[in-house]
Amino acid sequence: MAKKSKDLQYYEAVGRRKTSVARVRLYIAGKDKAASVKGKKYTAGQFIVNGKLATEVFPSPFETKKYSHPFELTNTQDRFIVSVVTKGGGKNGQLEAIIHGISRALLIAETESRPVLKQNGLLTRDPRARERRMVGTGGKSRKQKQSPKR
């Protein structure tokens, strides 16, 4: 179900990866293929990440292709305006969290797209994370003190 905020509908989901968290909102574009998000006018198909256009935050073509992959799979490239607020982690972790959040939001928007997204592994949260520091390991998680030879 779409949430309403001042007559503006959007689908919201949260994506996670490592220590990164991304809150994704898919705004439904109107008949003129435009909508205002937080006072600024955007057209359908645009990505806003932390208040900037996604091409400024993720400039490489590889990254652009990666975050638009869920839309290509579900054939919804120019249907939504995507607004993302992401925190924590590094650039790659944030990108993976954004992809996870977009996939979950698309699932709320269109339930029939679930098999396609699931088959491509976009709905599964990647559980890999940094292992915590262990006591007596000299500041690293797996480093151990050298044992005596004799």
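1. Salt bridges. In this predicted model, a search of the whole structure turns up 7 salt bridges.

2. Glu96 and Lys66. The side chains of these two residues meet in a salt bridge, with 2.6 Å from N to O. Glu96 belongs to helix α3 (residues 91–109) and Lys66 to helix α2 (residues 61–74), so the bridge links distant parts of the chain, 30 residues apart. Glu96 counts as partly exposed because its relative accessibility is 24%. Lys66 is likewise partly exposed, at 24% relative accessibility.

3. Arg128 and Asp126. A salt bridge also joins the side chains of Arg128 and Asp126, at 2.7 Å from N to O. Arg128 has a relative accessible area of 55% and is therefore exposed, whereas Asp126, with 22%, is partly exposed.

4. Glu131 and Arg142. In this salt bridge the closest N and O atoms are 2.8 Å apart. Both Glu131 and Arg142 lie in the segment after α4 (114–119), and the pair ties together parts that are 11 residues apart in sequence. Glu131 is partly exposed, with a relative accessible area of 32%; Arg142 counts as exposed, at 66% relative accessibility.

5. A salt-bridge network. Glu12, Arg23 and Arg25 are linked to one another in a network of salt bridges.

6. Aromatic pairs. The structure holds 5 aromatic pairs. One of them is formed by Tyr10 and Tyr27: the pair is tilted, with 5.3 Å centre to centre and 55 degrees between the planes. Tyr10 sits in strand β2 (residues 8–17) and Tyr27 in strand β3 (residues 20–28), so the pair ties together parts that are 17 residues apart in sequence. Tyr10 and Tyr27 are both buried.

7. Tyr11 and Phe80. This aromatic pair is edge-to-face, with 6.3 Å centre to centre and 90 degrees between the planes. Tyr11 lies in strand β2 and Phe80 in strand β8 (residues 80–87), so the contact ties together parts that are 69 residues apart in sequence. Are the two residues buried or exposed? Tyr11 is buried, with a relative accessible area of 12%, and Phe80 is buried as well, with a relative accessible area of 1%. Both values fall under the 20% that sets the limit for a buried residue.

8. An aromatic cluster. Phe47, Phe58, Tyr67 and Phe71 together form one aromatic cluster.

Terms used. Residues numbered from 1 in each chain as written. Predicted model: local features only at pLDDT ≥ 70, side-chain atom pairs only at ≥ 80, totals over all residues. Heavy atoms only, no water. Phe/Tyr/Trp six-rings, centres within 6.5 Å; stacked < 30°, edge-to-face > 60°. Helix = DSSP H or I, 4+ residues; strand = E, 2+ residues; numbered from the N terminus. Buried < 20%, exposed > 50% of the residue type's maximum accessible area, 1.4 Å probe, protein only. Salt bridge = Lys/Arg side-chain N within 4 Å of Asp/Glu carboxyl O.
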